[in-house]
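Please look through the sequence and the model shown here before reading on. The paragraphs that follow go from one site to the wider fold.

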Amino acid sequence: MTDYLPSASSRQRVTFAESQKFSFCTTWFDKVADQDRKYIVNIFVDTKEIEIMDVGRKQAFLKRCPYPELDMTKFYLGNSVVIHGRQHNIVEFANEYTKKALSSAQERTCAIVKPHAYGANPNIFKDLLRELHKNQLAVSRLQLSQLTPQDAAQFYAEHVSKPFYPSLQQMITSGPALIIELVGDQAVQKWRNIIGPTDPRQALPQHLRSKYGISVTENAFHGSATPQEAEREIQIAFQLRPLCAPEHSRTAVIVIEPTFKAQYGDILSHLFTQINQVSGLVVSGIHSADPVAADIDELFKAYQGVIPNWRSYCDAFDDGVCIAIELTGSNDVIQNARNIVGPFDPEIAKLLKPQSVRAVFGKDCVQNAVFVTDIAEEAEIHSDFWFRCAE
Ligand code: ATP
Ligand code: MG
């Protein structure tokens, strides 16, 4: 925080109970004014309260008030949080206290499943997710992309002039790479401990590189070296174009609700197990996106009057980062996707399809864990929205 200082009088007025306070610099895009507005969001953890300061106007925007839905796991740099219907992007810690307290607990790292490994091992993602779960690292974003030689040179800038760079570039650009943002205490070091040393021959049996690595170049995984490097790499990797099926292919899109963020790993693992069991069914795209409310309403327009509690259902998808998975490869791709996801109501899903995603993870008809394309005419719109129009 640099340019906002509360006045002495406002400080004197504070008579609330003592509570641990974390402060974040946020931006909210004001569509009417067509500009980002800056705020300081103060979170009072013990009393579950919130207060928002308008930096530009140097005044309170929202006086300190109860915030029962507080979920501190959502407050990390780069994430966005919907507060009173407005999507705040968290851009910085607003003071040293917050930074010290939270930056290690919410450290991010950039993990990549390299192309040779992603393509060859259908179970690699499951193994990886199991390790993340054991080490209490959360998946916050993920994306399937193919790097160009230019992308590779930018990402591996420190290695471009080294003798092994041509083979490194050839390998990393050779096919789809699965890029994963991980969040958690000591995420950078923990992920490196999970994958093991650069040379898979020196890795111990518990290291993922010993299982999936083939050589020093084809060592199956990437992990950021430091938190600073992680920030740089995340910036580059999540700006790449997400892969998806060619236009006019038969597709279905499954989208995980952002409120299930803490279970992203478990839901993805479950989904991938089920997808692997259907012959011909292929994951053609994986992409995280944080759409705005108006776009979600437009996207789900065809389901108004069909989905119970349509308004609340749309709102549930406007509450942070969604993970979208595009499926293709079989003629009855929509039916296959629907079978995997299960009936809309988790209670009915538990009776009819107990192994389906909604039966296992869904809570009710609003928080039913995942959306799935179930009308053929909508499939192209969904693929366009989650993958082709993505920035
Ligand atoms: P990564 O950055 O991919 O997580 P790392 O940090 O363990 O791996 P770096 O020294 O950063 O290793 O090298 C980046 C990548 O370049 C390695 O993962 C490997 O694919 C490749 N590489 C590194 N050293 C060599 C080498 N001597 N010969 C061939 N390839 C190498
Ligand atoms: Mg490295």
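In which helix is Arg 209 found? Arg 209 is found in helix H8, helices being DSSP runs of H or I of at least four residues and strands runs of E of at least two, numbered from the N terminus. This is a predicted model, in which local features need pLDDT of at least 70 and side-chain atom pairs count only at pLDDT 80 or more, while totals for chains, interfaces and linings use all residues. Residues are numbered from 1 along each chain as its sequence is written, chains are lettered from A and ligands numbered from 1 in the order in which they are written, and side-chain values use heavy atoms, with hydrogens and water left out.

With a relative accessible area of 6%, Arg 209 is buried, where buried means under 20%, exposed over 50% and partly exposed in between, for a 1.4 Å probe and protein chains only. Its side chain reaches the backbone oxygen of Pro 197 at 3.4 Å. Leaving out residues up to four places away in sequence, Arg 209 touches several residues, among them Thr 198, Asn 219 and Phe 221, contact meaning heavy atoms within 4.5 Å. Thr 198 lies in the loop between helix H7 (187-195) and helix H8 (208-212), and counts as partly exposed because its relative accessibility is 44%. The unreviewed UniProt entry lists Thr 198, Arg 209 and Asn 219 among the residues of a "binding site"; such annotations may be inferred rather than shown by experiment.

Finally, in helix H13 (residues 333-341), the buried residues are Val 333, Ile 334, Asn 336, Ala 337, Ile 340 and Val 341. Seen down the axis of H13, these residues fall within an arc of 160°, so they line one face of the helix, the arc being that of the directions from the helix axis to the C-beta atoms. They pack against several elements, including helix H10 (264-276) and helix H16 (376-388).

Definitions and conventions
Polar contact = N/O pair within 3.5 Å; in protein donor to acceptor, adjacent residues only side chain to side chain.
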